[in-house]
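Here are a few notes to go with the structure you asked me to look at. Keep it open while you read, and find each residue as it comes up.

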Amino acid sequence: MDEIVYKYTNKYLCNPAHITKIEEIVDRNSGFDYEKNFKKMLISVIGLHGVEKIESRIDPVILQRFKSNLGSLRVPRNTAAHTYISGTTITIDSPAVTLNKLSHIHIGLREFEIKINKLYKLKIKD
């Protein structure tokens, strides 16, 4: 998520104060919620209108799977990040379940990157 935001920032923003502002937003972001984390970062760089354009160009099934799987990581991440070890049992998904979620997240992030690149004429580096 951060890399997508930084690619656009580095390509189009020139004002060091604006670049610093985006870096601060990205640095403070540590969650896995689409609306509160990823979309918020995108809006800070390309605006709400830009995000609407991009969302409308992504296959709705891919977008929904991305949002759902990204959101499913939020609770386990927050539990692990904000729970002290002593006497607490934390349940985590199996590697197969986690890999399946990450696959959908990767596909969604790739779609965002492709659509942003097309919309703003950026070159994709693989």
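This is a predicted model: local features need pLDDT of at least 70, side-chain atom pairs count only at pLDDT 80 or more; totals for chains, interfaces and linings use all residues.

1. Now the overall layout. You'll find six helices here and zero strands, so if you read along the sequence the pattern is simply α-α-α-α-α-α. Take the contacts in the protein with a separation of 6 or more: 69% of them are between residues 24 or more positions apart.

2. Next, have a look inside. In soluble globular proteins, nonpolar side chains tend to be buried together. Here, the largest nonpolar core has 25 residues, and the ones touching the most other members are Tyr34, Phe38, Leu42, Phe66 and Phe112. Which helices each supply at least two residues of this core? They are H1 (2-12), H2 (16-28), H3 (34-57), H4 (60-72) and H6 (95-120). H3 gives the largest share, with eight residues.

3. Leaving out residues up to four places away in sequence, Leu42 touches Ile4, Val5, Gly47, Val51, Phe112 and Ile116. One of these, Phe112, is also among the core residues that touch the most other members.

4. On to how helices pack. Two packed helices are described by the angle between their axes and the distance between the axes. For H1 and H6, the angle is about 15° and the axes lie 10 Å apart. That angle makes H1 roughly parallel to H6, and their crossing is right-handed.

5. Which residues meet where H1 packs on H6? From H1 come Ile4, Lys7, Tyr8 and Tyr12, while H6 brings Leu109, Phe112, Glu113, Ile116 and Tyr120. Sorted by class, the residues of this contact are seven nonpolar, no polar and two charged.

6. On the H4 side, the contact is made by Leu70, Gly71 and Ser72, and on the H5 side by Arg74, Val75 and Pro76. The classes in this contact are three nonpolar, two polar and one charged.

Conventions. Residues are numbered from 1 along each chain as its sequence is written. Side-chain values use heavy atoms; hydrogens and water are left out. A nonpolar core is a set of buried Ala, Val, Leu, Ile, Met, Phe, Trp, Tyr and Cys residues joined through side-chain atoms within 4.5 Å. Buried means under 20% relative accessible area, exposed over 50%, partly exposed in between (1.4 Å probe, protein chains only). Helices (H or I, at least four residues) and strands (E, at least two) are DSSP runs, numbered from the N terminus. Contact means heavy atoms within 4.5 Å. Axes are lines fitted to C-alpha atoms, for helices over the stretch in contact, and angles run from 0 to 180 degrees between N-to-C directions. Angles under 35 degrees count as roughly parallel, over 145 as roughly antiparallel, 65 to 115 as roughly perpendicular and the rest as oblique. A crossing is left-handed if the near helix is turned anticlockwise from the far one by less than a right angle, and right-handed if clockwise. Ala, Val, Leu, Ile, Met, Phe, Trp, Tyr, Cys and Pro count as nonpolar, Asp, Glu, Lys and Arg as charged, and the others, Gly among them, as polar.
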